[in-house]
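Me: I would like to learn how to read a few features of a structure. Could we go through them together?
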Amino acid sequence: MKIAVVGAAGRMGRELVKAIHANEGTVLGGAVEQKGSIAVGQDAGLLAGLGRLGVLITDQALETFAKVDAVLDFTVPAASVEFAGLAANARIVHVCGTTGMSETDDAAIKAAARHATIIRAGNMSLGVNLLVAMTKKIAAALDADFDIEIVEMHHRMKVDAPSGTALMLGEAAAGGRGVSLRDVSDYARNGQTGARKRGHIGFAALRGGNVVGDHTVIFAAEGERIEITHRADDRAIFARGAVKAALWGKGRPPGIYSMMDVLGL
Ligand code: NAD
């Protein structure tokens, strides 16, 4: 399977190039960066620390998508919306890990999914997707005597908060309770907040150092507390998940799928 990487010079982009190369049955078919990036013209393999692969980074997404079966996209929301449209036109699989999307971005991606097989997840690791599944189960088993709080920590360069993974966990907890996250989420507390509202789901985002991604879901009642945690030490886990998703998506009908579908959870 020929796979292209967009945002090939980014932190995730370089991991994706390595994961495609390491996986039997996949080859790097193209690498794209934004116009004006100093990475354009460089060998994608060299940039990822692999040695020369003979795939030069280009700023021509349209041309690149015509030559591949799938594209792996961990970039920024505006770019991912554009790539979803281009992938739909080229009828290729679009694996999208970009987080921080607005409701308008979500709607545009949904529209593209009428013609493209899009696999979207705020987190592509097996461990986190298990954590999501467990969160839903635990939330369904406990009532609102248990306050749910989601704490995440990421590296100092992360630009969106809470993380896409924290939001996935929040959706899972709300889903388990049969409520809409939009109605019960508390994203920031500062000053005279008043007492915690029963049934709400709180979020806290910590930023610092080079932390790849830590997530804890806390279920706190009077006298007892359950905490479940996932810690990512290496971005390679997300990249391997993305390659797995591309292979899974080949030949599937158009639509939006999640990592839960890919992993059969
Ligand atoms: P990064 O800033 O290191 O990389 C993003 C890259 O995208 C940059 O190289 C940038 O030049 C490139 N880019 C931006 N606009 C572009 C365009 N129009 N065309 C081509 N390339 C373009 O960021 P990162 O740490 O690699 O994270 C990228 C995204 O992936 C973030 O939204 C992050 O939250 C998300 N992420 C998701 C997962 C997951 O499993 N779903 C895991 C890690 C990170």
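Reply: Gladly! Let's begin with accessibility: buried means under 20% relative accessible area, exposed over 50%, and partly exposed in between (1.4 Å probe, protein chains only). Arginine 207, at 31% relative accessibility, therefore counts as partly exposed. This is a predicted model, where local features need pLDDT of at least 70, side-chain atom pairs count only at pLDDT 80 or more, and totals for chains, interfaces and linings use all residues. Residues are numbered from 1 along each chain as its sequence is written, and side-chain values use heavy atoms, with hydrogens and water left out.

Me: Which side chain does arginine 207 meet in a salt bridge?

Reply: In general, side chains of opposite charge can pair when their charged atoms come close. A salt bridge is a side-chain nitrogen of Lys or Arg within 4 Å of a carboxyl oxygen of Asp or Glu. Here arginine 207 meets glutamate 152, at 2.6 Å from N to O. Arginine 207 is in strand β9 and glutamate 152 in strand β7, so the pair ties together parts 55 residues apart in sequence. (Strands are DSSP runs of E, at least two residues, numbered from the N terminus.)

Me: Is glutamate 152 buried or exposed?

Reply: Glutamate 152 counts as buried, at 1% relative accessibility.

Me: How many salt bridges does the structure hold?

Reply: The structure holds 12. Another one joins arginine 231 to aspartate 214, with the closest N and O atoms 3.2 Å apart. Arginine 231 lies in strand β11 (residues 224-232) and aspartate 214 in strand β10 (residues 213-221). Arginine 231 is exposed, at 55% relative accessible area, whereas aspartate 214 is buried, at 16%.

Conventions:
Helix = DSSP H or I, 4+ residues; strand = E, 2+ residues; numbered from the N terminus.
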